Amino acid sequence: EKLEKITSSYGRYRLSENGKSLLFTDDDKLVYVKNVAKPDKAEKYKKLNVDSLYASKDLKTVYFINDEDELCYLKKGEGVVIAKDVYSAEYSDKYNVIYFLDEDELRYAKKTKKSIKDVTDDVSYLGSEGDYIIIT
């Protein structure tokens, strides 16, 4: 099978669990390839400055932290701001939420600012291992 080059420069990326879709950043701009067999049909979101990228396993739910430290949800090609001053985040497929740290407080949200819930404070690390979210 012939392989086609999609990009020569990328920053962050996420490949869907089935290997058919790809999200990546190119010069901090988000690029979404819904079908890697047809990379010329990629959606390029030039207005979004992406520093960190988080997505569900099927890439249908996408969050990112932009260059202004805002946690955003990707909706119809736009970044909907959920929280500000965010410096770390992890997506949970199990619960379909994004966990994030701001001012050493762990919170989670589901696509909107109104959905934010506090979890705990005095957190210094947020990470993940498989389906597990790790905090210290």
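Q: Leaving aside its neighbours within four places in sequence, which residues is serine 21 in contact with?
A: Serine 21 is in contact with Arg14, Leu15, Ser16, Tyr32, Val33, Lys34, Val36 and Leu59. Contact means heavy atoms within 4.5 Å. Before we go on, this is a predicted model, where local features need pLDDT of at least 70, side-chain atom pairs count only at pLDDT 80 or more, and totals for chains, interfaces and linings use all residues. Residues are numbered from 1 along each chain as its sequence is written, and side-chain values use heavy atoms, with hydrogens and water left out.

Q: Where is serine 21 found?
A: Serine 21 is in the loop between strand E1 (13-15) and strand E2 (22-26). Strands (E, at least two residues) and helices (H or I, at least four) are DSSP runs, numbered from the N terminus.

Q: Does serine 21 count as buried or exposed?
A: Serine 21 counts as buried, because its relative accessibility is 10%. Buried means under 20% relative accessible area, exposed means over 50%, and partly exposed is in between, with a 1.4 Å probe and protein chains only.

Q: What does the side chain of serine 21 reach?
A: The backbone oxygen of lysine 34, at 2.7 Å.

Q: What is phi of leucine 59 near?
A: Near 65 degrees, which is a positive value in a residue other than glycine. Most residues other than glycine have a negative phi. Lysine 76 also has a positive phi, of about 50 degrees, although it is not a glycine.

Q: Where is the place of lysine 76, and is lysine 76 buried or exposed?
A: Lysine 76 is in the loop between strand E6 (71-75) and strand E7 (78-83). Lysine 76 counts as exposed, because its relative accessibility is 81%.

Q: Back to the E4 to E5 loop: what about threonine 61?
A: Threonine 61 is in the loop between strand E4 (43-55) and strand E5 (62-66). At 9% relative accessibility, threonine 61 counts as buried. Leaving aside its neighbours within four places in sequence, threonine 61 is in contact with residues including Tyr54, Tyr73, Tyr91 and Lys111.

Q: Let's zoom out. How many helices and strands does the chain have?
A: Zero helices and 13 strands. The radius of gyration of the chain is 15 Å, close to the 14 Å that the globule rule gives for 136 residues, so the chain is as compact as a globular protein of that length. That radius is taken over C-alpha atoms, and the globule rule is 2.2 Å times the number of residues to the power 0.38.

Q: What does the C-alpha trace span along its principal axes?
A: About 50 × 30 × 25 Å.

Q: How much of the chain counts as buried?
A: Of the 136 residues, 38% count as buried.

Terms used:
Polar contact = N/O pair within 3.5 Å; in protein donor to acceptor, adjacent residues only side chain to side chain.
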